[in-house]
Amino acid sequence: MEDTMILYVMRHAEAVEANDTLQDEWRYLTDKGRESAEKTCSAIAKIGPKPRLTITSPLTRAVQTAEIAAQTACRKNVVVASELLLPGADTGELVTHLKSCKDSKRVMLVGHEPQLGSLVASLLGREEGAIALKKGACVTLKIDPDNGDKPAAFLGYQVPGKKRTTSVKKAFPQNAA
């Protein structure tokens with residue numbers, strides 16, 4: 001039981017669109033995105049144990065979301081950028097890296113879809129495909145690395161400006177088993 005970890009999986013908040021003068025990796029949060037990230041992170045701060053380690057994609061919009069999370073929802077938090085959270089990165093490598101972070105006990109990941117949805121589905125032992133996370137939303141999981149088929153238990157899903165959902169079927173109805 002002592003090897004369990006609380007994992008917060010947060011999709012970056014709304015960002016400006018890429019264009020001819022702004023490359024995708026430099027897209028930054030809109031005012032609405034910043035506000036929604038603050039709402040989600042404030043709700044996370046109220047519900048329970050605060051993340052101590054935040055691992056974020058190095059892309060601007062994810063780093064900005066992670067910084068808001070660190071200021072709002074985290075305690076004695078360390079923010080680290082990792083290429084393991086870049087769009088298209090291998091979720092298996094990310095899971096392996098998470099196992100090396102178990103001493104942190106409470107970890108937040110900030111990144112992109114569809115990678116995060118695939119990670120959540122995999123950790124919940126769902127074979128029917130990825131779960132779609134809304135922008136600025138956060139899934140909370142309890143990870144038990146000794147449970148091979150379903151290493152995670154669903155604790156909640158927080159969407160900006162909405163009540164926290166603790167039912168996986170209500171959170172992701174299109175994926176309900």
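Predicted model: local features only at pLDDT ≥ 70, side-chain atom pairs only at ≥ 80, totals over all residues.
## Ground rules and overall fold

Two residues are in contact when they have heavy atoms within 4.5 Å of each other. Residues are numbered from 1 along each chain as its sequence is written, and side-chain values use heavy atoms, with hydrogens and water left out.

The chain has five helices and six strands, taken as DSSP runs numbered from the N terminus (helices are H or I with at least four residues, strands are E with at least two). Read from the N terminus, the order is β-α-β-α-β-α-β-α-β-β-α. The C-alpha atoms fill a box of roughly 50 × 35 × 30 Å along the principal axes. Buried residues make up 48% of the 177, where buried means under 20% relative accessible area, exposed over 50%, and partly exposed in between (1.4 Å probe, protein chains only).

## Nonpolar cores

A nonpolar core here is a set of buried Ala, Val, Leu, Ile, Met, Phe, Trp, Tyr and Cys residues joined through side-chain atoms within 4.5 Å. The largest one has 30 residues, and Val 107, Leu 109, Leu 141 and Tyr 157 have the most contacts inside it. Elements that give two or more residues to this core include strand 1 (5–11), strand 4 (106–111) and strand 6 (152–158). Helix 4 gives the largest share, five residues. There's also a second, separate core of 18 residues, with Ala 37, Ile 44, Val 110 and Cys 138 among them.

Leaving out residues up to four places away in sequence, Leu 109 touches Leu 7, Tyr 8, Val 9, Met 10, Ile 55, Leu 85, Leu 94, Leu 98 and Leu 119.

Helix 4 is largely enclosed by the rest of the structure, because seven of its nine residues are buried. Those seven are Gln 115, Leu 116, Gly 117, Leu 119, Val 120, Ala 121 and Leu 123. Their cover includes strand 1, helix 3, strand 4, strand 5 and strand 6. Just after helix 4, Gly 125 takes a positive phi of about 75 degrees.

The loop between strand 4 and helix 4 holds Pro 114, and the peptide bond from Glu 113 to Pro 114 is cis, with omega near 5 degrees. His 112 lies in that loop too and is buried, at 2% relative accessible area. Beyond its neighbours within four places in sequence, His 112 is in contact with several residues, including His 12, Ser 57, Arg 61, Ala 62 and Pro 87.

Ala 62 sits in helix 2 (residues 60–72) and counts as buried, at 0% relative accessibility. Its contacts, not counting residues up to four places away in sequence, are His 12, Thr 56, Ser 57, Val 110 and His 112.

Lys 105 is in the loop between helix 3 and strand 4. Lys 105 has a positive phi of about 65 degrees although it is not a glycine. For context, most residues other than glycine have a negative phi, and most peptide bonds are trans. Lys 105 counts as partly exposed, at 36% relative accessibility.

Asp 144 is found in the loop between strand 5 and strand 6. Asp 144 is partly exposed, with a relative accessible area of 30%. Leaving aside neighbours within four places in sequence, Asp 144 is in contact with Thr 4 and Pro 151. From C-alpha to C-alpha, Asp 144 and Ser 100 are 13 Å apart in space and 44 residues apart in sequence.
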